[in-house]
Amino acid sequence: MYASLKSIGSFVPKKIMTNKDFEKIVDTSDEWIVQRTGIKERRIAADDQATSDIGALAAIKAIERSNISKEDIDLVICATLSPDHLAMPSTACLISQKAGIRNVMAFDVSAACSGFVYMLSIAKAFIESGAKKNILIVGAEKISPLIDYSDRGTCILFGDGAGAAIIGVTQDKNEAILDVHASADGKYADLLITPGCGSKYPCRAENVNDKLQYIKMSGNEVYKVAVRTLTKDVVDILKTNGITSNEIDLFVPHQANLRIIEAVRNKLNFPAEKTIFTVEKYGNTSAASIPMAINDAYEEGRLKKGDLMLLDTFGGGFTWASALVRFGGN
Ligand code: COA
């Protein structure tokens, strides 16, 4: 009995923020942003759309595209770094309610941009142990409220969006999640962090005045560790599974920065035609980045049942993860 990624869906907010829009609020240029990051635009959720709202819309699409109904779902997991509420309820609880899924276990995963691949690992274990049969996993992010729009080093990078998948059971290894590697190292915590509004620097006026609620990042250092880790991750998972890069149908890297993707792709000799790029239009959507990318490949007709995907991601924590997934959907 194997776990299988049976369907994919995403939701993209309507509002587009272009590089030109950033030229009006910080000292930057379209040329600088495109050259350093490859990002041209990103989506921003509406004031009345919280993370659970966009997550639920992605979830509903993934359910519609599967061969199950919402009543068949027995576990809901949401990965996010921008939950609706800091402590409770979990965003997974709210997504369940908004998608009409009742009386099932629901919880959030906190692994920043690696969240979707972390959820694959959890869902695979639940399915293969026989504990659950149909799991909804949602990567959903409304990152815009966590952004300091006067910090040009971070504000241009991130966007809002959501992606979801149904993980079910299969007897056929040709449509199975073959392997997931996930890891973390807290020694890098300060390089990419939202310091405030947790238990360490609570949401008090003095901490908010110091802007501790916003994302802080040492971009250059994050960049170097990201390239190194993403590359090593891929080499390790291919070697462990005795698979060569020629056998991969789609390389789906975390969409943080085009230069990072290209550095990893070139080191591993992956052809661009087999790589998914969405960073140009969405920026970095953290835990939503990989499912949104898979969704776009699916909608473009680039993903067929049985295709072998290689997922590779990296994020705050630091966390990192990779996965070999044969697509189990139609
Ligand atoms: N527009 C114009 N100039 C900018 C800028 C912007 N938006 N952001 C930073 N700069 C400036 C810096 O202030 C610095 O100026 P200085 O030399 O006068 O001090 C200069 O550009 C170079 O800064 P640096 O940070 O060295 O640039 P970089 O080439 O490393 O690019 C990032 C910056 C953020 C694009 C890059 O480091 C990056 O993408 N890092 C990884 C980020 C990431 O992916 N994080 C999420 C991981 S999940």
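Analyst: The residues of the shell around the ligand divide into 10 nonpolar, 9 polar and 4 charged. Here Ala, Val, Leu, Ile, Met, Phe, Trp, Tyr, Cys and Pro count as nonpolar, Asp, Glu, Lys and Arg as charged, and the others, Gly among them, as polar. The model is predicted: local features need pLDDT of at least 70, side-chain atom pairs count only at pLDDT 80 or more, and totals for chains, interfaces and linings use all residues. Residues are numbered from 1 along each chain as its sequence is written, and side-chain values use heavy atoms, with hydrogens and water left out.

There are 23 residues around the ligand, each with a heavy atom within 4 Å of it. Thr 28, Arg 36, Arg 152, Asn 220 and Asn 257 come nearest.

Now the polar contacts, meaning pairs of N or O atoms within 3.5 Å. An N or O atom in the side chain of Thr 28 is 2.6 Å from a nitrogen atom of the ligand. Gly 219 uses its backbone: a polar atom there is 2.9 Å from a ligand nitrogen atom. Asn 257 places a polar side-chain atom 2.6 Å from an oxygen atom of the ligand. On its own, the ligand has 960 Å² of accessible area, and the protein covers 73% of that. Areas come from the Shrake-Rupley method with a 1.4 Å probe.

Next, the secondary structure. Helices (H or I, at least four residues) and strands (E, at least two) are DSSP runs, numbered from the N terminus. At least two shell residues come from each of helix H2 (30–37), helix H6 (152–155), helix H8 (219–240), helix H9 (258–268) and strand E12 (308–315). H8 gives the largest share, 4 residues.

Where does the ligand lie relative to domain 1 and domain 2? It lies between them, because domain 1 (2–172) and domain 2 (177–326) both give residues to the shell. These bounds come from an automatic or database domain assignment.

The ligand sits in the second largest pocket, with more than half of its atoms within 2 Å of the pocket's grid points. A pocket is an open set of points on a 1 Å grid over the protein atoms alone, where a 1.4 Å probe fits, with protein on both sides within 12 Å along at least five of seven lines.

Key:
Polar contact = N/O pair within 3.5 Å; in protein donor to acceptor, adjacent residues only side chain to side chain. 1 Å grid on protein atoms, 1.4 Å probe; cavity = no way out; pocket = protein on both sides within 12 Å on 5 of 7 lines; lining within 4 Å.
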